[in-house]
Amino acid sequence: MSSQEQFVLPLSDMGRGDVAKVGGKNASLGEMIGKLKESGIRVPGGFATTAAAYWRFVEANQLHDQIAAKIGKLDRSLANLARVGGAIRALILASSFPPEVEQAIRYAYREMRSGGAKAVAVRSSATAEDLPEASFAGQLETFLNVEGEDSLLEACKKCFASLFTDRAISYREIYGFDHLKIALSVGVQRMVRSDLASSGVMFSIDTETGFPRSILITGAWGLGETVVQGLVEPDEFQVFKPLLDHKSLTPIIDKSLGAKRRKMIYAEETSTCLVDTEDEQRSRFVLSDDEVLTLARWAALIERHYGLPMDMEWAKDGETGELHIVQARPETVQSRREAGELKTYKLKDKGTLLVSGLAIGDAIGAGPVCKLGSAEDIERFKTGAVLVTGMTDPDWVPIMKRAAALVTDHGGRTSHAAIVSRELGLPAIVGTGNATERLKEGQAITVSCAEGDEGQVYDGIANFTETEIDIAQIPKTHTKAMINLANPSAAFRWWRLPTDGVGLARMEFIISNHIKVHPMALVRFDLVKDEAARSEIERLTEGYETKEEYFVDKLARGMARIAAAHYPNPVVVRMSDFKTNEYAELLGGSAFEPKEENPMLGWRGASRYYHPDYRDGFGLECRAIRRAREEIGLSNIVMMIPFCRTPEEADRVLEEMSKHGLARGKAGLEVYVMAEIPSNILLAERFAERFGGFSIGSNDLTQLILGVDRDSDRLSGLFDERHEAVTSMIARLLAAAQKTGTHTGICGQAPSDHPEFARFLVEQGIESISVTPDSFLRVKEQIAAAEAAMDKAKSGSRGSR
């Protein structure tokens, strides 16, 4: 073997088995170049210095004993870490490359230049790095836009020195790695000109919940360091993995436009700099839908090849327009969670909402605020406080390990703060924008990541409960057990529950919390006279082709995300069921809603869908349903019509739907009706001719049968779904449905609150019971008990014959 071959290897000559020789990062690059190129995945070529080159450097400069001596002086408390680390790095930077190593690097770089490469990316790769049980996130150095042999050699030496950054030494001390048995390989790759385009990070698993069928992609303009370091709030995309092979579909279930206020670009003299992002770029996504799907397909291929969830970095070349994968390593947090492990957290009380951002994890933390501007202020931090800062890098890890929670101004789901918080199990909210301004030093706060993708910071120390669910102990039942969901952001939290689908997905939650605008205010924007409402609607709809498209896109993706979490089980989406007073509270809504004395019995549900004053709004809802089912591909979505008073009204609604390409049976579409009005039951067979299923809305049904206002405090003692008048009507409906072969279900809390009510439903032959996720285990047990009692009664009656 020649000296050049010993100290330098082309990336294309190495594979995943070469971690000891070139480190995990470089071995992975070589693996993809060699094994995945034919699949269309582009990885920039280059070379890597070997572990042998590192050890030769250490030997030639007699560094081993000097490093060992300085490490030996390291306090167990790491109090003198900065002094020890700085001294070791100074030793390395003052050393020289042995001639044979220097020549090997120069020769390999000349070969790259002769192939057209000018600037290169220089990345550190430790020999213990990127193993599933070890994560060195952000500890080692990377140098971008390096040009020239001398500059390259200096960058390589800095990479060697970064093996002894304070954060790297601290990590190895904590996890028991021997400092003097880890070598460093330097990867040198052709620089992708993402400074002229965009770059980012992607995971082949949902980073917060471990949902294995979602791919998360984040990105910003310019070089990817802004995303990794958490300097910007990036764009975010989520793609549903199982539908990627269907070329006619666009399974992007979520798109979120990030602020992207700054970007990193090339500066003079082979360096980089941060500049403000142009307004035009800030207002649009960094990737087209086709590019998102290309990256997602690459992520799925890489995951399949490695056989485990992966964490990848991507870059788009602004000169060629081509996408590239520049790093791939195992995901180290969610993939190690126990499959049967599910912890749920629930706030029992909340103070005033102070700030919000992206929730990292799903836990809750509380304590006094400690605001720090630099990791060097570690002595000011008191264990158990909530760390509040602009952003973090690996130097903050010792502080994060002592914190009750973390809140940052900047960063996305793939930033350093997010990655390390997940590894530490630390509740964190990143990208708040203004936490350091809004939160006061010493203020008692609660950091909640338990309410979906959006994390909330509340004033005061709130009480909360923590529940552990053993999935293996949940009984199997013949009656289907489903859950009620409203918030798309929280949909993935419950994927581990063995549900039979979603019995009620409330469209109005998506409209009020994610869209925020009255649909008719988008269709007839000229009729909105309130200037504040007009201004906010203009802001929300910026970047969309039309205002109507904003509504359709947001609603379609919100429903698709809920449906994806339970695919292919049915997800029953109830069309909008606001009352007029609730519709009026939406942006621009007051111009389109009458004032009613009794909105509960007024213009709501089906009666709106064909009315001239809302027909176009219902059209937007229908377009969103069709897009979610037929374009995104979540064909498990079932439509449900609420508050449909008569069969004739049902005909008018179905006719209106057909104008938008939605017909029962077409493309497998099922349409249910809420059974919540006495007429639905008295005329059940006629309704069954028009709908494929009944879903009992026990609240409205009880209200209308007993004549009790469900919102009245004075009458609350009379409101009871178990009353004979109510149960006899439910029994009548279930009997009629069995006669017509129509699906039946219930979406209410009563079955989980009252075991006897669950037993009654099971005895009457209901097909599904749907409850809130935190009640799922309890209702499953009650269904199982009811079924067991019925089986016992049947066997007893057979034995007595």
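**Notebook: salt bridges and the barrel**

I looked up R524 and found it partly exposed, at 25% relative accessible area (buried is under 20%, exposed over 50%, partly exposed in between; 1.4 Å probe, protein chains only). The model is predicted: local features need pLDDT of at least 70, side-chain atom pairs count only at pLDDT 80 or more, and totals for chains, interfaces and linings use all residues. Residues are numbered from 1 along each chain as its sequence is written, and side-chain values use heavy atoms, leaving out hydrogens and water.

I then checked the partner of R524. D616 meets R524 in a salt bridge, 3.9 Å from N to O (a side-chain nitrogen of Lys or Arg within 4 Å of a carboxyl oxygen of Asp or Glu). D616 sits in helix α21 and R524 in the loop between α16 and α17, 92 residues apart (helices are DSSP runs of H or I, at least four residues, and strands are runs of E, at least two, numbered from the N terminus). D616 is also partly exposed, at 37%.

Next I took E685 and K739, a salt bridge at 3.2 Å. E685 is in α24 and K739 in α26, so the pair ties together parts 54 residues apart in sequence. K739 is exposed at 63%.

I turned to the barrel. I traced 8 strands, β23 to β30, closed and with parallel pairing (strands pair if DSSP finds at least two bridges between them). β25 and β26 pair over 4 bridges. V572 stands opposite V638 in β26.

Last, I read helix α28. F757, A758, F760, L761 and V762 are buried there. G765 follows α28, with a positive phi near 90°.
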